[in-house]
Amino acid sequence: MALLVLALGACAELRAPPPAARIPAALGAGGADPMRDVVTQAAAAFADGGRSLADDPAAMARAAAQVELMTVELTRDLRWAPLPAGVGFELRGARVEIRAALGIRAGADPDEVVRALTAAHLALARRDRATAEAALRPALFEPGGARTLAYLARPGPLPQGRIATSLAREEVDRLATTRVWGLSGALDPQSGWLDPQPGRGMGAGPR
């Protein structure tokens, strides 16, 4: 009985969506699971290694924020625990690449970077350059302001961004359609369900 209670508690935690505050609407809107939206959209943004992001600082700010978010969120959200370790490894490499391209300080807090880049993206989308520059503050970006805004317009090649986001999309999609102890119910409502079976423990079955 104790094991059953623990299993059901874990299932409830896996089915609970991540706190909305951690995923800005501007980075992952459009589907039932904003994190899957972030992964899908980031993979599309980096599909050509960053070439399409040149001369589009608003899009670059958004794509960079998505990689920052993915790197930490796929680790701390237990729903994604079954993802291969290689996904996190490649994403950390992409984060290093992007931080170097944009002058993001190596020790900058990822959540603060996500918020700053999201604010810059939204400001640039409405053509408010001054607010975008203010969001790129020197505490996070070197040198910050107008110079960092220029980096967003000319980030250069980002091959690791393509590799990491493509792998993340592939593995997240695979996990979302795999029946793993009820986990897929948190990701895909049409997948499987957790079934307490007296005398036989927990089993998975079709919906």
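In this predicted model, helix 3 (residues 57–76) packs against helix 7 (residues 145–153) at an angle of about 90°. The two axes lie 8 Å apart. Angles of 65 to 115 degrees count as roughly perpendicular, so helix 3 and helix 7 are roughly perpendicular to each other. On the helix 3 side, the contact involves Pro57, Met60 and Ala61. These residues meet Leu149, Leu152 and Ala153 of helix 7. The residues of this contact divide into 6 nonpolar, no polar and no charged.

Helix 3 and helix 7 also take part in covering helix 4. The buried residues of helix 4 are covered by elements that include helix 3, helix 5 (110–125), helix 7 and helix 8 (159–176). Helix 4 itself runs over residues 85–102 and has 18 residues. At 1.5 Å a residue, helix 4 should span 26 Å. The C-alpha atoms at its ends are 26 Å apart, which agrees with that expectation. The expected span is 1.5 Å times one less than the number of residues.

Which residues of helix 4 are buried? Val87, Gly88, Leu91, Ala94, Ile98, Ala101 and Leu102 are among them. Arg95, Glu97 and Arg99 are buried as well. Arg95, Glu97 and Arg99 belong to the residue types that count as charged. Gly103 follows helix 4. The phi of Gly103 is positive, near 75°.

Helix 5, one of the elements covering the buried residues of helix 4, contains Arg115. Is Arg115 buried or exposed? Its relative accessible area is 52%. The exposed class begins over 50%, so Arg115 is exposed. Arg115 and Leu136 are 21 residues apart along the chain. Their C-alpha atoms are separated by 10.0 Å.

The overall fold places these elements in context. The protein has 9 helices and 2 strands. Along the sequence, the pattern reads α-α-α-α-α-α-α-α-α-β-β. Of the 207 residues, 47% are buried. Among contacts between residues at least 6 apart in sequence, 65% join residues at least 24 apart.

Technical notes. Residues numbered from 1 in each chain as written. Predicted model: local features only at pLDDT ≥ 70, side-chain atom pairs only at ≥ 80, totals over all residues. Heavy atoms only, no water. Helix = DSSP H or I, 4+ residues; strand = E, 2+ residues; numbered from the N terminus. Buried < 20%, exposed > 50% of the residue type's maximum accessible area, 1.4 Å probe, protein only. Contact = heavy atoms within 4.5 Å. Axes fitted to C-alpha atoms, helices over the stretch in contact; angles between N-to-C directions. Parallel < 35°, antiparallel > 145°, perpendicular 65-115°, else oblique.
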